[in-house]
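Q: I would like to learn how to read the features of a protein model. Please take me through this one.

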Amino acid sequence: MRIINLFNPGRLVFGKGCITQCAEDILSRKLKSVFIVTADPVAQLADSLVKAIENGGAKTTVYSGINTEPSIGMFTNTLLAAASDTPDAIVGLGGGSPLDVAKLVAALLGSEQQIEDILGIGLLKSRNTYLACIPTTSGTGSEVSPNAILLDEKDGLKKGAVSPFLVPDGSFVDPLLTVSVPAPVTASTGLDAMVHCIEAYANKFAHPTVDIYAIEGIRLIAANLKRAVENGSDVEARTQLSLGSLYGGLCLGPVNTAAVHALAYPLGGEFKIAHGVSNSLLLPHVIEYNLESAVERYADIAVAMGVEKDSCAKETAHRGLLRMKELSKQCGIPQHMADLGVPLESIPKLAASAMTVTRLLKNNPREITEKAACAIYQAAY
Ligand SMILES: [Fe+2]
C-alpha cells in the first residue's frame, strides 16, 4: 500500500446552523478584520455571520463579485480589493467559485508570489492569512480540498493551483445554507460531487483511506439527489447531500479526479458550460471507455448507487452505468453536447485542450490518448 498524506482543515464543522461557529472561530482567534468573498445571489446568507462577527467587535467587508466561474482577472480584482482592506481573515461563502477565489486571496495576500507562479501542483510557498470556507451548494467540496481553479483568459484553459496551504483553517458545512439553491444548480453540483467520489474510487491511485469517503459519498448522493432536486426544502435530503458532497471534497486532496474532469474543463473554458453539467454529461462516456480497466471498482460503485448485484462484475458495472444515465436524466441534466450549442467541429480542439490536463489524466484507470478523447466527446455529442 502506498504512503498517503491527508491534509484536512484545522477545524471541520458539519451540521444544521453551524455557520455561527465560523464567527466564534474568528473571534476566539482575536482576528479583527474579515473580508468575505461571495456571490450576489447568496450574499444575504452571510448576514447572520456578519452580525455575529461585528457583535464580537471585529470589522467585516462583504465582496460579492464572484458571480461566474472565476478567471484570473476576476481573482486579481478581488485580491486588490482585499489588499486595500488589510484584513487578517478571509472567508469564502458560496459555491466553488467564491470559495476558490477566497482560498487564493488568503494565499497571496501580502505574498511575493503572483497567481501565475502558483498554478500547478505544490508551487505555493505559504499562506499567512486565516482562511475559512462555508459552502452554500452541495457540490465542489472546495471547502476541504487543496485545489482552486481559475480560467486563464489568455488561452481559454482552466488551470488549477494545488497546495496543502489552500486547505482552509476552518470549514463550516451547514446544510441549511443549501435549501434555497435552485433545482438545476442542485442537480449539476450534486452530480459533480458524485463524480468526485466515482473518479476517486475508480482511480489509478485509489487508496483505502479515501475509498471509504468515496463509496459512502456515492451512496448518499445517489439516494438523495433526485429528492433534493424535486423538493429543495427537503432538509433531510439536503443534509445527506451536503454530507455526500463533503465526502467528495475529502477525496480531492489525497486522490483527486481523473478523465471526466480533464475532459470537462475545456467545455467550461471554451463554452462556459457549468462545471457540474459538463462533468455529468461526460461521465457515462468516460466510464464506458474505462470499464474494462476497472470492472470490479465500477461494480462496487454500481452497488453503492443502489443497483442489484449480478454474479458477473461486468454486468453489475454496466447496470451502474445505466443508473447514472437515468439519475442524470431524472435531474434534468442535458444529455448531449449538441444540446448545449457546442459545434461538432470543436471536438479536436477540445481534445487537444483536455490532453494538457495531465495532473488529472495521469489518475485515470485507462490511458487516454488524444484520439480516445475525441471519441469520448463524439460519443457524448
Ligand atoms: Fe468537480
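Q: Which way do E7 and E8 run, and how many bridges join E7 to E8?
A: Strands here are DSSP runs marked E of at least two residues, and helices are runs marked H or I of at least four residues, numbered from the N terminus. Two strands pair if DSSP finds at least two bridges between them. Here E7 and E8 run antiparallel, joined by 6 bridges. Ala148 stands opposite Ala161 in E8. Asn147 has Val162 in E8 as its bridge partner.

Q: What should I know about the model itself?
A: The model is predicted, so local features need pLDDT of at least 70 and side-chain atom pairs count only at pLDDT 80 or more, while totals for chains, interfaces and linings use all residues. Residues are numbered from 1 along each chain as its sequence is written.

Q: What lies between the strands in the hairpin of E7 and E8?
A: There are 4 residues between the strands, and Gly156 takes a positive phi near 70° in this hairpin.

Q: In what order do the 3 strands of the open sheet with E7 and E8 stand?
A: The order is E5-E8-E7, with mixed pairing. E5 and E8 run parallel, joined by 2 bridges. Gly120 has Ala161 in E8 as its bridge partner. Strand E5 (120-121) and E7 stand at the edges with a single partner strand each, so one side of each has no neighbour in the sheet.

Q: How many residues of E8 are buried?
A: A residue is buried if 20 or more other C-beta atoms lie within 10 Å of its own, exposed if 12 or fewer, and partly exposed in between; the C-beta atoms are placed from the backbone. In E8, 5 of its 6 residues are buried.

Q: What is the order of the open sheet of 6 strands?
A: The order is E1-E9-E6-E4-E2-E3, and the pairing is parallel. Strand E1 (11-14) and strand E3 (59-63) are the edges; each has a single partner strand, so one side of each lacks a neighbour in the sheet. On average, neighbouring strands of this sheet are turned by 15° against each other, direction ignored. Strand E2 (residues 33-37) and strand E4 (residues 89-94) are joined by 4 bridges. Val37 stands opposite Gly92 in E4.

Q: Which strands does helix H4 lie across?
A: Axes are lines fitted to C-alpha atoms, for helices over the stretch in contact, and angles run from 0 to 180 degrees between N-to-C directions. Helix H4 (residues 96-108) lies across E2, E4 and E6, at about 170° to E4.

Q: How is the chain divided into domains?
A: Domain bounds come from an automatic or database domain assignment. Domain 1 spans 11-178 and domain 2 spans 183-380. The contact takes 25 residues from domain 1 and 29 residues from domain 2. Residues are in contact if their C-beta atoms, placed from the backbone, lie within 7 Å. On the side of domain 1 that touches domain 2, E8 gives the most, with 3 residues. The C-alpha centres of the two domains lie 26 Å apart.

Q: How many residues are in the largest nonpolar core?
A: Such a core is a set of buried Ala, Val, Leu, Ile, Met, Phe, Trp, Tyr and Cys residues joined through C-beta atoms within 7 Å. The largest has 126 residues; Ile90, Val105, Ile218 and Leu263 have the most contacts inside it. Helix H7 (residues 208-230) gives the largest share, 11 residues. This core draws at least three residues from each of domain 1 and domain 2.

Definitions and conventions: Contact = placed C-beta atoms within 7 Å.
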